[in-house]
Amino acid sequence: FCFPEWEQVMFGLKKKSKIVELYSPVKGKIVRLSEVPDPVFAQEMMGPGIAFLPCEGKIYAPCDGELVTIFPTKHAIGIKAGNGAEILLHVGIDTVQLNGECFILKVQQGQKVHKGDLLLEVDMDEIQKRGFHMETPMIITNSQEYTVTVNDLEDAKIEGEPVLFVEKK
């Protein structure tokens with residue numbers, strides 16, 4: 001007898017995947033964290049990851065998960081993936097100083113999202129006009145529990161190959 005997939009998961013007959021693939025949350029260029037003009041990100045003080053230089057002001061979900069944190073200033077969003085990995089999307093550098101200006105949320109905290117869902121719209125021109133950098137780090141904040149592998153790509157695409165692989169140790 002073969003159980004349908006939902007029953008396999010419900011009754012614990014099927015193990016959850018230990019690996020989560022993270023896709024780019026933006027269209028643009030991929031940047032190594034070490035090149036981000038902020039020592040907290042560049043030195044991986046918050047955890048390993050990758051950064052992006054967006055070419056348009058839309059931020060998408062990099063994987064399926066739950067929005068566990070949305071900062072009141074809207075510049076950063078925390079997602080918990082299916083394998084428990086905690087992903088921080090931080091739009092721009094020092095953009096917390098904008099106090100939510102230039103950001104339009106399309107989601108709310110506690111919401112479940114799917115890879116590619118629009119999370120946030122950003123007025124990149126205004127942010128840059130005010131002197132802020134647009135590098136957008138994607139960090140695994142609970143990385144001590146995971147092995148994080150970066151896929152060596154140059155262009156950030158919403159659809160395409162994953163940019164990070166996060167595997168539960």
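Glu145 and Lys168 form a salt bridge, with their closest N and O atoms 3.1 Å apart. Glu145 sits in the loop between β11 (136-140) and β12, and Lys168 sits in strand β14 (residues 164-168), so the bridge ties together parts that are 23 residues apart in sequence. Neither end is buried. Glu145 has a relative accessible area of 34%, so it counts as partly exposed. Lys168 is also partly exposed, because its relative accessible area is 31%. This is a predicted model, so that pair and everything below are computed from predicted coordinates.

How far can the prediction be trusted along the chain? The mean pLDDT is 91. Of the residues, 91% reach 70 or more. The start of the chain is another matter. Over residues 1-10 the pLDDT is below 50. Beyond near neighbours in sequence, that stretch has six contacts in the model.

Back to the charged pairs. How many salt bridges does a search of the whole structure find? There are seven. One of them joins Asp152 to Arg32, with 3.4 Å between the closest N and O atoms. This pair links distant parts of the chain, 120 residues apart. Asp152 lies in the loop between β12 (146-150) and β13 (155-156). Arg32 lies in the loop between β2 (28-31) and α2 (39-42). Is Asp152 buried or exposed? Its relative accessibility is 60%, and the cut-off for exposed is over 50%, so Asp152 counts as exposed. Arg32 stands at 48%, so it counts as partly exposed.

Another bridge brings together the side chains of Glu126 and Arg130, at 2.8 Å from N to O. Glu126 has a relative accessible area of 22%, which makes it partly exposed. For Arg130 the value is 38%, again partly exposed. Through shared partners, salt bridges join Glu101, Glu126, Lys129 and Arg130.

Now turn to the interior. In soluble globular proteins, nonpolar side chains tend to be buried together. Here, the largest nonpolar core has 37 residues. Which of its residues touch the most other members? They are Leu22, Leu119, Val122 and Met138. Take Leu22 as a guide. Leaving out residues up to four places away in sequence, Leu22 touches Pro62, Cys63, Ile87, Met138, Ile140, Pro162, Val163, Leu164 and Val166. A second core is separate and has nine residues. Among them are Val36, Ala51, Leu88 and Ile93.

Next come the strands. Strands of a sheet pair through backbone hydrogen bonds, either parallel or antiparallel. Three strands here form an open sheet, in the order β4-β10-β8, with antiparallel pairing. Which strands are at the edges? They are β4 and β8, each pairing on one side only. From one strand to the next, the twist averages 20 degrees.

Look at each side of β10 in turn. Strand β4 (residues 58-60) is joined to strand β10 (residues 118-122) by three bridges. Within this pairing, Ile59 has Leu120 as its bridge partner. Strand β8 (residues 103-105) is also joined to β10 by three bridges, and the two run antiparallel. There, Ile104 is partnered with Glu121. Phe103 is partnered with Val122.

Strand β5 (residues 65-70) and strand β6 (residues 76-81) pair in the antiparallel sense, over five bridges. Ile70 has Ile77 in β6 as its bridge partner. The hairpin of β5 and β6 has five residues between the strands. Which residue of this hairpin takes a positive phi? It is Lys74, with a value near 65 degrees. β5 also pairs with strand β9 (residues 112-113), in the antiparallel sense and over two bridges. In that pairing, Gly65 stands opposite Val113 in β9.

Conventions
Residues numbered from 1 in each chain as written. Predicted model: local features only at pLDDT ≥ 70, side-chain atom pairs only at ≥ 80, totals over all residues. Heavy atoms only, no water. pLDDT = per-residue confidence, 0-100. Contact = heavy atoms within 4.5 Å. Core = buried A, V, L, I, M, F, W, Y, C linked by side-chain atoms within 4.5 Å. Buried < 20%, exposed > 50% of the residue type's maximum accessible area, 1.4 Å probe, protein only. Salt bridge = Lys/Arg side-chain N within 4 Å of Asp/Glu carboxyl O. Helix = DSSP H or I, 4+ residues; strand = E, 2+ residues; numbered from the N terminus. Pairing = 2+ DSSP bridges. Axes fitted to C-alpha atoms, helices over the stretch in contact; angles between N-to-C directions.
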